[in-house]
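This briefing guides a first reading of a protein chain and its parts. Please keep the sequence and the structure in view while working through the points.

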Amino acid sequence: MKYISTRGQVEPKGFIDTVLMGLADDGGLMVPEHIPVIAPETLNEWKSLSYVDLFLTIFSYYTNDEIPAEDLKDLATRSYANFRHPEVTPVTKIDESLYIMELFHGPTFAFKDVALQFMGEFYSYVSKKQNEIIHILGATSGDTGAAAIQGVRGKEGIKICILHPHEKVSRVQELQMTTVDDQNVLNLSVKGNFDDCQKIIKELFGDLNFKKEYHLRAINSINFLRILAQTVYYFYAYLHIDQGQHQLKKINFSVPSGNFGNIFSGFLAQKMGLPINKLIIATNENNILERFVQTGEYKPGDFRSTHSPSMDIQVASNFERYLYYFVGEDATKVSEYMNVLKSEGQIMMTGEDLAKVQSDFAAYGASNQECLDTILKYKGNHDYLLDPHTACGITAYEKYQGDDEICITLATAHPAKFDEAIILCEIEQEFPDEIKALFSQPQHQEVVEHDTAEIVRQLEAFYTLA
């Protein structure tokens, strides 16, 4: 398996080199040269696999044995050993048409743990094997940062800097990042929104001299490793619902989506042969993805702060990966589209092109009030407390569910991470002990202007610190 850029200007790379590159050197995103397709009978055999064994089986199609099998097994086992549920991503049945896959049983109570605990182990392994310092640089709308920091804090040979939008993440998200007092962690609170933070990250990774000098590595979902690790739980969920009862029903997934990474992981699983009927993109009032699917217009709009801040994103970084497959894996066409987006600020799909988009996805953007109404409804009817992002996913499921279908909605975070929304519903929740403890700890962060030069100064001081 080799990996290439969506823009076609990078020589094919192996698995480890692809992960270390992160953002492709030509500004594109790395994708596999071909996607392996799993036969139905093979899928059926996977039903008996544990989560770790399923992870190793899927990864075996992509890693070229660049990591010896025993080493890879050790990395995966360590990654999921500290999850609070033995199944890692358990599936809960709500009623005959709805299942919720709980992705919040990792150390930071969010779905990002599923990929980033492994990525932390991977980077530590490569640092030791190659005797190379690794500097991880990323932006977060709240959950990625906490999960990435947790994955690499205190690890020798690794430093991590996370940019988050100042006062635009939840209180718990902020505390999970900024109460970490390890010397290899730097938190920069940027006066701006997530898109501002992400733009700086892409700019710095696009500076190939800076990237090489400081051994920059990516943890955002621009890195293909994030996408691949998330693909595993789509297979796991599909294989672990009560399929004996639902043999004649079609299976949908409703996915809270901001940066298009999580939904693209489902798209990849579908292309690998997982028989997903509908991929439903759930967004909030920052609804660029809903507008794209419904009208063909991909155009960043005005930023809005919502009750689901991890999806407060207008520029979806992984959209380019979907575009690559949309145009038939034609890197020249992808480059043309991205140039149009850069120069004109939008991409427009019409006619047959729009019909193709709508055959790939459904989409719905839940309003703030719909989000709160859904939290109240499911607490009242099912005694199940949703976090606000999952509530957007459930709202989208309700809009698109057919009579002959069941839906697996991804629960992307524990509600304790977003108590601001839960309080508005006049619901009192009990915080897990790990989250309670955060409120009494001192914080460690630098508040900075939305200024690339200032952030570079902070990074250079951090990287050169012994």
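The buried residues of helix α11 are Gly261, Asn262, Ile263, Phe264, Ser265, Gly266, Phe267, Leu268 and Ala269. The model shown here is a predicted one.

- After α11 comes glycine 273, which has a positive phi, near 115 degrees.

**The two domains**

- The protein chain is divided into domain 1, made of 110–219 + 432–465, and domain 2, made of 225–425.
- Taken over C-alpha atoms, the centres of domain 1 and domain 2 are 25 Å apart.
- Contact between the domains involves 26 residues of domain 1 and 22 residues of domain 2.
- The size of an interface is often expressed as the accessible area that is lost when the parts come together.
- Between them, domain 1 and domain 2 bury about 2100 Å², and 60% of this area is on carbon and sulfur atoms.
- On the side of domain 1, the residues that lose the most area to domain 2 are Phe111, Ala115 and Asp195, which together make up 25% of what that side buries.

**Polar links and make-up of the domain interface**

- Between domain 1 and domain 2 there is 1 salt bridge.
- The side chains of aspartate 143 and lysine 417 form a salt bridge, with an N to O distance of 2.7 Å.
- Two or more residues of the side of domain 1 that touches domain 2 come from each of α5 (112–130), α6 (143–152), α7 (171–178) and α8 (194–206).
- Helix α5 gives the largest share of that side, with 7 residues.
- By type, the residues on the side of domain 1 that touches domain 2 are 13 nonpolar, 7 polar and 6 charged.

**Asparagine 187, a buried residue**

- Asparagine 187 is part of strand β7, which covers residues 185–191.
- Is asparagine 187 buried or exposed? Its relative accessibility is 2%, so asparagine 187 counts as buried, the limit being under 20%.
- A polar atom of the asparagine 187 side chain lies 2.9 Å from the backbone oxygen of methionine 177.
- Leaving aside residues up to four places away in sequence, asparagine 187 touches Ile149, Ile162, Met177, Thr178, His444, Gln445 and Glu446.

**Salt bridges**

- Side chains of opposite charge can pair when their charged atoms come close.
- The count of salt bridges comes to 21.
- One of them joins the side chains of aspartate 74 and arginine 78, at 2.3 Å from N to O.
- Why are aspartate 74 and arginine 78 separated by about one helical turn? They are separated in this way because they stand 4 residues apart in helix α4 (residues 69–80).
- Aspartate 74 is partly exposed, with a relative accessible area of 38%, and arginine 78 is partly exposed with a relative accessible area of 38%.
- A network of salt bridges links Asp74, Arg78, Glu121 and Lys155.
- Glutamate 132 and arginine 217 also form a salt bridge, their closest N and O atoms being 2.7 Å apart.
- Glutamate 132 is in the loop between α5 and β5 (134–139), while arginine 217 is in strand β8 (residues 216–218), so this pair ties together parts that are 85 residues apart in sequence.
- Both glutamate 132 and arginine 217 are buried.
- Another salt bridge brings together the side chains of lysine 436 and aspartate 433, with an N to O distance of 3.9 Å.
- Lysine 436 and aspartate 433 lie in helix α19 (residues 433–436), where they are 3 residues apart, about one turn of the helix.
- Lysine 436 is partly exposed, at a relative accessible area of 40%, whereas aspartate 433 counts as exposed, at 58% relative accessibility.

Conventions
Residues are numbered from 1 along each chain as its sequence is written. This is a predicted model: local features need pLDDT of at least 70, side-chain atom pairs count only at pLDDT 80 or more; totals for chains, interfaces and linings use all residues. Side-chain values use heavy atoms; hydrogens and water are left out. Domain bounds come from an automatic or database domain assignment. Contact means heavy atoms within 4.5 Å. Buried area is the accessible area (1.4 Å probe) that two parts lose on being put together, summed over both. A salt bridge is a side-chain nitrogen of Lys or Arg within 4 Å of a carboxyl oxygen of Asp or Glu. Ala, Val, Leu, Ile, Met, Phe, Trp, Tyr, Cys and Pro count as nonpolar, Asp, Glu, Lys and Arg as charged, and the others, Gly among them, as polar. Buried means under 20% relative accessible area, exposed over 50%, partly exposed in between (1.4 Å probe, protein chains only). A polar contact is a pair of N or O atoms within 3.5 Å; within protein, one must be able to donate a hydrogen and the other to accept it, and residues adjacent in sequence count only if both atoms are side-chain atoms.
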